[in-house]
Amino acid sequence: MRTVAALAFDGMSVFELGIVSEVFGLPRPEFDRPWYELTICAEKPGPVRVVGGATLHTEHGLDVFAAASTVIVPGVPGVRSVTSPELIAALRAAHAGGARIMSICSGAFALAAAGLLDGRRATTHWRYADALRERHPAVEVDADVLYIDDGDVLTSAGSAAGLDLCLHVVRLDHGPSIANAVARRLVVQPHRDGGQAQFVETPVAADPEDARVARSMDWALGNLTEPITVATLARHAHMSERTYLRHFARATGTTPIRWLIDRRVHASLPLLETTRTPIEAVATAVGFETAVTYRHHFGQAMRTSPSAYRRAFQQAC
């Protein structure tokens, strides 16, 4: 999967293209292994106008795009725009040829138009999720996650979530140590916890009660191995359970138990990536009562099992 092609289009923001360039385009001689070869393509070779009045120029068209081993659609001109037959054909040809297909933000609409998301779980920016469901009912749209890895087709949420997805791909290809090193170069977290719900717009302003909720969450993160209930969290926030649940949902967009399960699952990832600690011990180390419960919640969050996740990343090292 060394050759990577990203699609540029008129009117695009260069942020998403910059994410792809930072992760896949910069040379990484310090890793002492073959790195990616990035090519920026366009539907028609030549000038591409971008936000801000600038223009980039590429000599590469859809033939080069479809021939890459990893192809990335960083967005589309508009979620109501029609994907060109030429781009649809290129995406289908790339997929048929065994390429890994990725999208960032609204790029999922191009993948859906090509039929590559039919019967699959996929994501896009939370603002566009309803439009994707409406236009492509065969797609199982999940607007609660930052990215989805469905094997040979991967989709990410809003623009910055593309960075989470790109680091995930590096982790798949080169292992957690190198992915973590790339994340450190970029000064970002190797694993960003949570989903899109925490970024959904809310008209309610933060207040002192939200700060108390935040302190209870900090306490929980430092005590994941302890039995933690809503009553426990509410007590640390000096609130009634009913009041705590209301303020927690307003501050985070989710429930305390769902948030806690998510944090425990993500706390287990380094143990799976870098140790051979038995799954039962991993479950206990992050606060799950049983390995069965841990496997259940891990599967819901990561769409794979802890053992399969460990094999994927440790084999990549």
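**Helices and strands**

Analyst: Helix H6 (residues 161-174) lies across strand E6 (100-103), E9 and E10, and runs at about 145° to E10. Keep in mind that this is a predicted model.

User: Which strands does helix H1 lie across?

Analyst: Helix H1, residues 14-25, lies across strand E1 (3-8), E2 and strand E5 (70-73). Its direction is at about 155° to E2.

User: What is the order of the strands in the open sheet?

Analyst: The order is E2-E1-E5-E6-E10-E9, which makes 6 strands with mixed pairing.

User: And which are the edge strands?

Analyst: Strand E2 (37-42) and strand E9 (147-149) are the edges, as each pairs on one side only. On average, neighbouring strands of the sheet are turned by 15° against each other, direction ignored.

User: How many bridges join E9 to E10?

Analyst: There are 3, and E9 and strand E10 (residues 153-156) run antiparallel. Isoleucine 148, for instance, has threonine 155 in E10 as its bridge partner.

User: What holds paired strands together in general?

Analyst: Strands of a sheet pair through backbone hydrogen bonds, either parallel or antiparallel.

User: Different topic. At roughly what angle do the axes of H9 and H10 cross?

Analyst: Roughly 85°, and the axes of H9 (residues 230-237) and H10 (residues 241-252) come within 9 Å. H9 and H10 are therefore roughly perpendicular to each other.

User: Which residues meet there?

Analyst: From H9 they are Val230, Ala231, Leu233, Ala234 and Ala237, and from H10 they are Glu241, Tyr244 and Leu245. By class, this contact has 7 nonpolar residues, 1 charged and no polar ones.

Terms used
Residues are numbered from 1 along each chain as its sequence is written. This is a predicted model: local features need pLDDT of at least 70, side-chain atom pairs count only at pLDDT 80 or more; totals for chains, interfaces and linings use all residues. Side-chain values use heavy atoms; hydrogens and water are left out. Axes are lines fitted to C-alpha atoms, for helices over the stretch in contact, and angles run from 0 to 180 degrees between N-to-C directions. Helices (H or I, at least four residues) and strands (E, at least two) are DSSP runs, numbered from the N terminus. Angles under 35 degrees count as roughly parallel, over 145 as roughly antiparallel, 65 to 115 as roughly perpendicular and the rest as oblique. Contact means heavy atoms within 4.5 Å. Ala, Val, Leu, Ile, Met, Phe, Trp, Tyr, Cys and Pro count as nonpolar, Asp, Glu, Lys and Arg as charged, and the others, Gly among them, as polar. Two strands pair if DSSP finds at least two bridges between them.
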